[in-house]
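Hello,

Please find the structure below. My notes on it follow.

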Amino acid sequence: MGNVNIAKRTFDVVIVGAGGSGMRAALHLSQAGLKVAVLSKVFPTRSHTVAAQGGIAASLGNVKEDNWHWHMYDTVKGSDYLGDQDAIEFMCRAAPEVVYELEHFGMPFDRLDNGKIYQRPFGGHMQDFGKAPVERACAAADRTGHALLHTLYQQNVQANTNFFVEWMALDLIRDEEGDVLGVVAMEIETSEVMILQARATLFATGGAGRIFQASTNAYINTGDGLGMAARAGIPLEDMEFFQFHPTGVYGAGVLISEGVRGEGGYLINKDGERFMPRYAPTAQDLASRDVVSRAIATEIKEGRGCGPHGDHVLLKADHLGDAVIRQRLPGIREIALKFAHVDPAQEPIPVVPTAHYMMGGIPTNYHGQVVAPYKTGPEEVVQGLYAVGECACVSVHGANRLGCNSLLDLLVFGREAARQIIEDLQRSPHPKPLPADAADRPLARLARLETQTNGENVAEVGAAMRQVMQTHCGVFRFPDLLAEGVAKIRAVAERVQRTAIKDHSKVFNTARVEALELDNLIEVAQATMHAAAAREESRGGHARDDFPKRDDDKWLKHSLYFSEGHKLDYKPVRLKPLTVESFPLKARVY
Ligand SMILES: Cc1cc2nc3c(=O)[nH]c(=O)nc-3n(C[C@H](O)[C@H](O)[C@H](O)COP(=O)(O)OP(=O)(O)OC[C@H]3O[C@@H](n4cnc5c(N)ncnc54)[C@H](O)[C@@H]3O)c2cc1C
């Protein structure tokens, strides 16, 4: 097909994604005087970061004594020891600085009486290497992500970042040597296709919670960065680890922040029993999310669930009083009223574990550079490609992410990737020539959708995928269901290859976007199913019914899934931090 008739624009850096991570990186790069393009499928401030409720983790110690080393310990433990300890040290040490930076950008944090940033307790945040809960979550009511995203957007407007709003990146451009030279993108409104050439391409495309039926994620969270990477031959790391948030609104999936439990709310079963102390005697309702989700799933399985079907539990917050709820949790109050039809100051909220966060992603080092087996050789830095935020696997979250560590991850690695890009671009001042087939893959995908007759219906195939993932790869994973799941998801993938947009006269361009998104979702779904079926242990978010224990002898390693041939490989966990001693492996109790 070649590149004939395709418009081309050239930038120093192209960033795909205008969530917290993409905008933090863009700000640093634009302020350094580079020509930066940021693409987003939606208006930047509608990115999923806007929905983050609870807060940003940083050991400011504004309420009780705290330090980065305790934060690091909690993160390593929370990750069930699968997190890379060099990256975790890097993130926890940088946390106070990136939060103060944000404060200086104008972020409207809540305040303590003494004027310092308000901090609340959160799951797994502890003092003194796990001894007692500590207030570490820096919050703006229960709308922290909203405040953060608007702050970063305003700063980017001032710094002259170029936004491509409602533009969708379709595929990476990689030359014969494997170097990345930019992306091919499509304007959603007009379907115009364009090449965006850049010396550095940064993926900040967010999560892929939409592979599941019940998810707290926005509809746009379709794993596009992962799909593009997988199609370009880059493996996906640790995809078996998805976090199920304990408290999605029953029936709706909308998130009820852990901030509710941070403010003193707790979970009860159908007998009105506060059950978490039986599972986590010290941290109780503020144990790590995987622990709380499994506890709820167990209560339900053993017949102590609530409601006529016994299929959920209740989150009690009425004892906090109307005033606290209105001041600290106003968004939660609205969500409870709207989606559960209860006023949390009067009645408990029905909740159930819901797919929430993807721990895996595109493999990077802690400078945001993508590292992958490359040019037939061993693992090395992929020239020109970077990834940050939820689409990246650094890995700081290992097998389970602690609450508030994601917003932190966006800020720390957004800024660090930008710093690294500036350094790398000084060494490569000129763009490499584009290969003649730069746009062939995405053009072929578009052509398939338009020309195939009797193709599969996108919505039906998408629903089939979500149903398979929900049934075969949920909170608890069973050997027979996983084996079936692998076969079923393969069958769905074959159907995805045959999807088409029927009856062109009635097609909105959103149908085209949904079809293109499904190409990405199915890559993520297959990676998750294959990696989950292969990992014969329970660790963090991955709980196997047939292998209930963590197995460090065999499984203390990261998985790498290659789309081609569904091949799995493994690489060691980086247990050595930068300056301190490693935390030795321990059983994880809360
Ligand atoms: C309801 C909810 C509450 C949460 N609360 C918290 C919390 O309190 N604390 C915390 O630490 N974490 C929280 N998290 C997790 C955290 O918010 C996310 O992990 C994080 O915001 C992801 O940021 P991101 O920059 O990686 O991507 P996102 O904010 O998801 O942004 C992705 C961007 O990529 C763009 N994009 C995607 N694909 C394409 C494409 N093909 N072409 C062009 N653009 C594309 C989108 O338009 C968007 O701009 C929460 C998550 C959810 C869902």
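This is a predicted model: local features need pLDDT of at least 70, side-chain atom pairs count only at pLDDT 80 or more; totals for chains, interfaces and linings use all residues.

Residues are numbered from 1 along each chain as its sequence is written, and side-chain values use heavy atoms, with hydrogens and water left out.

Cores. A nonpolar core here is a set of buried Ala, Val, Leu, Ile, Met, Phe, Trp, Tyr and Cys residues joined through side-chain atoms within 4.5 Å; buried means under 20% relative accessible area with a 1.4 Å probe, protein chains only. The largest one has 80 residues, and Val14, Leu196, Phe203 and Ile362 have the most contacts inside it. Helix H15 (residues 509-534) supplies the largest share of this core, 11 residues. At least three residues come from each of domain 1 (7-241 + 359-427) and domain 3 (440-555), the bounds being from an automatic or database domain assignment. Another core, of 58 residues, lies apart from it and includes Ala94, Cys138, Val412 and Phe413.

Helix H5. Helices are DSSP runs of H or I, at least four residues, and strands are runs of E, at least two, numbered from the N terminus. Eight of the eight residues of H5 (residues 224-231) are buried, so this helix is largely enclosed by the rest of the structure. After H5 comes Gly233, with a positive phi near 90°.

Sheet. Three strands form an open sheet in the order S3-S5-S4, with antiparallel pairing; pairing requires at least two DSSP bridges between two strands. Strands S3 (56-57) and S4 (119-127) are the edges, each pairing on one side only. Ile56 stands opposite Cys138 in S5.

Regards

Notes: Buried means under 20% relative accessible area, exposed over 50%, partly exposed in between (1.4 Å probe, protein chains only).
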